[in-house]
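Welcome! Please take a first look at the model below, and then let us walk through it together.

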Amino acid sequence: MSQANQQITYDDNNIFAKMLNGDIPYHKVYEDDKTLAFMDIMPQAEGHVLVITKQKAIDLGDLEPEYAAAVLMTAKKIMQAQRQVFEREGIIQMQLNGAQSGQTVFHYHVHLIPSSIHELGRHAVTQADHEVLADTARKLAAVIAA
Ligand code: AMP
């Protein structure tokens, strides 16, 4: 556990842990043995994807090297698919560490957002239409699988 999170212990009931356990639904984009990628339900731009590790890490301070490598490789796949699907070069990669930074889910994850730092929407505020999320997830998954 990272130094700044010494008082926080990993919560097995956090929302992303529930997804990994198959307890709640999500719009899957990609999965491998160490990572899972799905649509953010309160996107900061259309096509906002989250990549989580299958390691029970709270933030970057906890991440084991093999999972750090895996999450970046999955992030790269997602970014390349977003570039193709949304026909834009600019994709933000973002990752928050600790409540003070604005982190709201305490299971390590990387945000991939087809947007610009000048146009980014508000963090975790507006629910997206599930039909749109499902459609985007299908399109991104198809590009990754091709
Ligand atoms: P962070 O604040 O960096 O921890 O980001 C957590 C992200 O998870 C936010 O962008 C939320 O919109 C997103 N989120 C919260 N609940 C869900 C959910 N059930 N499915 C998908 N994304 C979620």
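Around the ligand there are 18 residues, and the nearest of them are Asp40, Thr104, Val105, His111 and His123 (near: a heavy atom within 4 Å). This is a predicted model, where local features need pLDDT of at least 70, side-chain atom pairs count only at pLDDT 80 or more, and totals for chains, interfaces and linings use all residues. Residues are numbered from 1 along each chain as its sequence is written, and side-chain values use heavy atoms, leaving out hydrogens and water.

| Protein atom | Distance to a ligand oxygen atom |
|---|---|
| Asp40, polar side-chain atom | 2.5 Å |
| Gly102, backbone N or O atom | 3.3 Å |
| His123, polar side-chain atom | 2.5 Å |

The protein buries 93% of the 510 Å² that the ligand exposes when taken alone (Shrake-Rupley method, 1.4 Å probe).

Now to the sheet. Its 5 strands form an open, antiparallel arrangement in the order 1-2-3-5-4 (strands are DSSP E runs of at least two residues, helices H or I runs of at least four, numbered from the N terminus; pairing takes at least two bridges). Strand 1 (28–31) and strand 4 (92–94) each have a single partner strand, so one side of each lacks a neighbour in the sheet. Strand 2 (residues 35–39) and strand 3 (residues 49–53) pair over 5 bridges, and Met39 has Val49 in strand 3 as its bridge partner.

Helix 2 (residues 65–86) packs on the sheet and touches strand 1, strand 2, strand 3, strand 4 and strand 5 (109–113) (contact: heavy atoms within 4.5 Å). Helix 3 (residues 130–145) also packs on the sheet, touching strand 1, strand 2 and strand 3.

Note on methods. Axes are lines fitted to C-alpha atoms, for helices over the stretch in contact, and angles run from 0 to 180 degrees between N-to-C directions. A polar contact is a pair of N or O atoms within 3.5 Å; within protein, one must be able to donate a hydrogen and the other to accept it, and residues adjacent in sequence count only if both atoms are side-chain atoms.
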